[in-house]
Structures are given as C-alpha cells and as structure tokens.
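I opened this notebook to record what I looked up, beginning with the pocket and going on to the ligand and the aromatic rings.

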Amino acid sequence: MSATTLPQPYDPNNIFARIVRGEIPAKLVAQNNHALAFHDINPLAPVHVLVIPRGPYTDLLSFTQSASAVEVVEFWQLVREVAQQLELDHHGFRLISNCGSNGGQEVPHFHVHLLGGKTLGKMLPSL
Ligand code: 5GP
C-alpha cells in the first residue's frame, strides 16, 4: 500500500520550480518554450540529465492529464534532442520517471531521468 494518493497538489516552491524561475542555477543542456534539460546534481551514470516541463505538474499523471498538446510534444522533442546531442542514441540509454512515494520521487515536479554513457545493467534487483 502506498503512503500517498496520486496525483498530489503542486508545490510551487519545489527545487525544480525554482530552477525554472531562474532562482537557483542549473547546468543547462538544452531548452525550448515548454521544457528544460539540465545535468543532475548527483549523477548516477556518466550521463545523467533531467528533463522537466516548465509548467506546474507534480508527476507523470498530472502532466499527462493537464498539460497541453504543445507542452507534451515539446517535452518529448527535448528528450530526443538531448539523447542526440549527448550521443546517447549511439549505444542506448535508460529513461526513468519516478512517481510518488512507492516510485521514490524526491522532487515533486514531473521529470524524466536520461541515463547513459555506460552499460547500465539490470533495471532492478530480482524479486
Ligand atoms: P527523483 O527521485 O525525484 O526522481 O529525482 C530527483 C533528482 O533531482 C535526483 O536525482 C537529485 O540528484 C536531483 N536534484 C535534486 N536537487 C537538485 C538540484 O538542485 N539541482 C539538480 N541539477 N538536480 C537536483
């Protein structure tokens, strides 16, 4: 049983909202009108980039429920651009979106992790 019910209300003071507003710095990789991509502060792979929408969406569920078509398209276009720009398309990569407490989501602003630059191995330990 999960500890929280999804989706949660959006917290406008979460750390990624502050990055979108330019209140705290981030190592930018790419951006467009509706999305930003920047390096994770605590990388778990040689390439570890976070892609986020600029809009106020707590998680994948609220993004897919409430974002406009152009926001959704530009978000995924930016994921592709980052994969190509950082040459992750040469040998492959992993895309992760943690959602809610069971998913281990720490920052309550929708994001995907783009991980690559080495063989990443199994996705999770076996049950
Ligand atoms: P989650 O567990 O929510 O899927 O992942 C949140 C990610 O955000 C973590 O990998 C963490 O290292 C990263 N992170 C947390 N705070 C900051 C920050 O201030 N700047 C950047 N660039 N990444 C952050």
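**Pocket**

I looked up the largest pocket and found that 29 residues line it, with Asp40, Asn42, Leu44, His48 and His113 lying nearest its centre. For the search, a pocket is an open set of points on a 1 Å grid over the protein atoms alone, where a 1.4 Å probe fits and protein lies on both sides within 12 Å along at least five of seven lines, while lining residues have an atom within 4 Å of a point. The model is predicted, so I note that local features need pLDDT of at least 70 and side-chain atom pairs count only at pLDDT 80 or more, whereas totals for chains, interfaces and linings use all residues. Residues are numbered from 1 along each chain as its sequence is written, and side-chain values use heavy atoms, with hydrogens and water left out.

The volume of the largest pocket comes to about 760 Å³, taken as the space filled by probe spheres set on the points, which are joined across faces, edges and corners. Two or more lining residues come from each of α1 (15-20), β2 (35-39), β3 (47-53), β4 (94-96) and β5 (112-116), and α1 gives the most, with three residues. Helices here are DSSP runs of H or I with at least four residues and strands are runs of E with at least two, numbered from the N terminus.

**Ligand**

I then listed the surroundings of the ligand and found 16 residues, of which Asp40, Asn98, Glu106, His111 and His113 are the closest; a residue counts if one of its heavy atoms lies within 4 Å. Among the polar contacts (pairs of N or O atoms within 3.5 Å), a nitrogen atom of the ligand is 2.9 Å from a polar backbone atom of His39, and a ligand nitrogen atom is 3.3 Å from a polar backbone atom of Ile41. An oxygen atom of the ligand lies 2.8 Å from a polar side-chain atom of His111.

**Aromatic rings**

My search of the whole structure gave six aromatic pairs, for which ring centres must lie within 6.5 Å, with planes over 60 degrees apart counting as edge-to-face. Phe16 and Phe38 are edge-to-face, because their ring centres are 5.5 Å apart and their planes stand at 80°. Phe16 belongs to helix α1 and Phe38 to strand β2, so the pair ties together parts 22 residues apart in sequence. Phe16 is buried at 7% relative accessibility, and Phe38 is buried at 2%, where buried means under 20% relative accessible area with a 1.4 Å probe and protein chains only.

Note on methods:
Rings of Phe, Tyr and Trp (its six-membered ring) pair if their centres lie within 6.5 Å; planes under 30 degrees apart count as stacked, over 60 as edge-to-face and the rest as tilted. Buried means under 20% relative accessible area, exposed over 50%, partly exposed in between (1.4 Å probe, protein chains only). A polar contact is a pair of N or O atoms within 3.5 Å; within protein, one must be able to donate a hydrogen and the other to accept it, and residues adjacent in sequence count only if both atoms are side-chain atoms.
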